[in-house]
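Reader: I have a model open and want to learn how to read it. Can you walk me through a few features?

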Amino acid sequence: MPAVVAWEITKACNLSCRYCKADARDVANDRRFEGQRERHELTTVEGLALIDSIATFHPLLVFTGGEPLLRRDLETLIEHASRSGVSAALATNGLLIDERKARKLKERGLSAVSISIDSADAEVHDAVRGTNGAYNSALRAIKAMAKARVSVQVNTTVTKANVGTLQAINDVVRASGAHAWHVFFLVPTGRGNIADLVPTLDYYEALNWLEALDKAHNGFPIRPTCAPQYRLREGRKGCLAGVSYAFVSCDGTVQPCGYLPLDAGNVRRQGFAEIWQYSPLFKMLRTQSQWRSACAACAYGTTCRGCRARAYATSGDFLGEDPYCGGVAP
């Protein structure tokens, strides 16, 4: 069973991020979306049942969106997960978090939170996020959650526009009070664009820099994500989509990951465990011999696996070659 399940509890958002994988909508500026989204989202009852169905294998359950804090039943869902023995985490932009909210989420059983910082420059971050003040709100939320003794992870989406500023972003993350930094290399899905991908040479240079930084930071974890070529010779796990990670969209569709919009089944029609074990899509993802191009015969195939979502986004073939594979020797 998967070690991590991410559940997109809503596509509603209070930001309009340039690279949003969910193509989330700013409900403050489009009130017509409110009623529409509520008809498609899993209800509270369905959500509680989903939590029960995955509780037997005790994964980390990440409540994501959109902006999950816009769902009125979020605290109920977190509390139910915690009481069921499921570690509950939250992926949020931080705009709706103050010290009082942070304490309440902790009391309900929240164990971890991720908040995004995409630039060391407030104006640049706000432009990417589509809202003035988003940068300062994120930093305040990081401090509030850390003060409430919730583990805080900062996420950074890396594109060709900011790959050269990672050192400055690292400095901001380290000063923010966060406990870890996860560096997400763009997968061009949702509102992401292929033109914004990090060039191959810059990608491998960034991975080497992050490796050196991680080794030098003495206990401050730095984790490249959607970067399966990272530290290959150490036998690290690469793409986890459909192997130890699954994504549940707001309407109950189960996907290998949030960046790979392929339908493996729906929890409104099947149990989650049944989908995970028997979906033909998941079986193909777990069988290297079914992959196409260089990935099928690669010596690192069972560890790296290539980013299946990036392969799909750039070629239309989720079993095809990750465009970063073979470009530069790891």
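Predicted model: local features only at pLDDT ≥ 70, side-chain atom pairs only at ≥ 80, totals over all residues.

Reader: How many aromatic pairs does a search of the whole structure find?

Author: Look for ring centres within 6.5 Å of each other. The search finds 6 aromatic pairs here. Take W7 and F63. Their ring centres are 5.8 Å apart and their planes meet at 50°, so the pair is tilted. Tilted covers the angles left between stacked, under 30 degrees, and edge-to-face, over 60.

Reader: Which parts does the pair of W7 and F63 tie together?

Author: Check the element each ring sits in. W7 is in strand β1 (residues 4-8) and F63 is in strand β4 (residues 60-64), so the pair ties together parts 56 residues apart in sequence. W7 and F63 are both buried.

Reader: What are the distance and angle for W276 and F282?

Author: Their centres lie 5.1 Å apart, with planes at 55°, so this pair is tilted. Now the burial. Buried means under 20% relative accessible area. W276 has 5% relative accessibility, so W276 counts as buried. F282 has 0%, so F282 counts as buried too.

Reader: Which residues do ring pairs link into a cluster?

Author: Follow the pairs from ring to ring. They join F185, Y203, Y204 and Y324 into a cluster.

Reader: What is the strand order in the open sheet of 9 strands?

Author: Read across the sheet, strand by strand. The order is β9-β8-β7-β6-β5-β4-β1-β10-β11, with mixed pairing. β9 (222-225) and β11 (254-255) are at the edges with a single partner strand each, so one side of each has no neighbour in the sheet. S116 stands opposite N155 in β7.

Reader: Is R305 buried or exposed?

Author: Compare its accessibility with the cut-off. At 9% relative accessibility, R305 counts as buried. R305 lies in the loop between α10 (280-285) and α11 (308-315). Its contacts beyond four places in sequence include L285, R286, W291 and Y300.

Reader: Which backbone oxygen does the R305 side chain reach?

Author: That of C239, at 3.0 Å.

Definitions and conventions
Residues numbered from 1 in each chain as written. Heavy atoms only, no water. Helix = DSSP H or I, 4+ residues; strand = E, 2+ residues; numbered from the N terminus. Buried < 20%, exposed > 50% of the residue type's maximum accessible area, 1.4 Å probe, protein only. Pairing = 2+ DSSP bridges. Contact = heavy atoms within 4.5 Å. Polar contact = N/O pair within 3.5 Å; in protein donor to acceptor, adjacent residues only side chain to side chain.
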